[in-house]
Amino acid sequence: MDNARKTSTGHRPLPTSRRTLTAATAAVVLGAALLACGGGEGEGTRSSGRTDRTAAGDPVGRGGDTKVLWVGDSIAGAQAPALGAALDAAGVTFQNASSDGGGTIVAGGDEITEKISDDTWKALEKQIESFKPTVIAYQITTYDWGTPQQQRDAYEKLVSAAEEAGAKAVFVSAPPIRIDDFYRPHEKRLKSAPESAAETAEANADNALFLDSGQLWGEDASAPKAERAADGIHNCQQGAAAFANWFVKELGNKEGFTPAKPDAWAAGKWTGDKRFATLGCDG
């Protein structure tokens with residue numbers, strides 16, 4: 001879309017170099033990444049929640065009533081394959097509603113975010129109606145460029161939409177990204193967005209929750225802990241697995257289900273998702 005949608009991932013041009021992660025070594029590499037990020041517990045766009053939870057270490061039915069609708073931009077999209085696998089292993093139904101090159105719910109008063117947010121809300125209305133989630137998890141996007149008040153208005157609207165659907169709104173701060181010329185004019189708004197989301201969640205504590213992913217990534221996109229792909233924005237399989245492990249644990253604590261251990265899902269078919277090849281990651 002316009003100049004904002006620069007590539008198939010919605011951000012700047014992707015690197016041509018590729019990282020090597022063969023299927024034979026995926027479990028070892030992903031396991032190491034999880035441990036490095038402080039996690040040791042624990043296809044396609046939708047998981048049914050029918051994984052053998054006995055093998056995964058979670059009794060059948062514990063997460064069966066939870067349905068997670070995952071919303072965000074292409075960064076959330078790169079996390080979705082691992083997140084779906086981890087939630088499926090915990091018996092949770094998952095649907096990926098992220099959008100490459102968009103995904104924001106914040107109308108920031110400019111042509112780009114007005115169009116993207118309008119598209120997102122139209123899609124969300126249909127997805128909520130058909131999927132009937134119990135959790136609408138929104139990862140703050142790199143297009144949440146509005147003023148703090150515009151951000152809070154949009155986040156309040158999501159809380160209301162979730163409440164009307166009988167669901168909880170969960171806001172997740174975005175991972176740190178490399179700030180280039182495209183993002184530099186919006187850097188101040190990118191910093192205010194998680195603050196606005198946290199304020200909204202606090203004001204609606206019965207129906208909303210804010211999760212700070214800085215606990216996982218830190219604040220420096222160039223640090224090894226941040227697990228960014230070569231483009232400095234998205235993640236490869238290792239980062240996706242680390243995020244899934246962290247997020248499912250945090251959500252499980254709030255929603256009352258037990259995450260499966262990473263070895264039940266971290267080296268699954270999701271590691272070969274085509275978006276990782278596009279990002280220069282080998283699966």
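**Close-up views of the predicted model**

**View 1. The salt bridge between K168 and E255.** In this predicted model, the side chains of K168 and E255 meet in a salt bridge, with an N to O distance of 3.1 Å. K168 belongs to strand 5 (residues 168–172) and E255 to helix 8 (residues 237–255), so that the pair ties together parts lying 87 residues apart in sequence. K168 is partly exposed, at 22% relative accessibility, and E255 is likewise partly exposed, with a relative accessible area of 25%. A search of the whole structure finds eight salt bridges.

**View 2. The salt bridge between E187 and K191 in helix 6.** The closest N and O atoms of E187 and K191 are 3.9 Å apart in this salt bridge, and because the two residues stand four residues apart in helix 6, about one helical turn separates them. E187 counts as partly exposed at 29% relative accessible area, whereas K191, at 55% relative accessibility, is exposed.

**View 3. The surroundings of S192.** S192 is also placed in helix 6, which spans residues 187–203, and is buried, with a relative accessible area of 10%. Its side chain reaches the backbone oxygen of R189 at 3.1 Å; when neighbours within four places in sequence are left aside, S192 is in contact with G146, P148 and Q151.

**View 4. The salt-bridge network of D100, D273 and R275.** The side chains of D273 and R275 meet in a salt bridge at 4.0 Å, N to O, and salt bridges with shared partners join D100, D273 and R275 into one network. D273 is partly exposed, with a relative accessible area of 22%, while R275 counts as buried at 18% relative accessibility.

Definitions and conventions: Residues numbered from 1 in each chain as written. Predicted model: local features only at pLDDT ≥ 70, side-chain atom pairs only at ≥ 80, totals over all residues. Heavy atoms only, no water. Buried < 20%, exposed > 50% of the residue type's maximum accessible area, 1.4 Å probe, protein only. Polar contact = N/O pair within 3.5 Å; in protein donor to acceptor, adjacent residues only side chain to side chain. Contact = heavy atoms within 4.5 Å.
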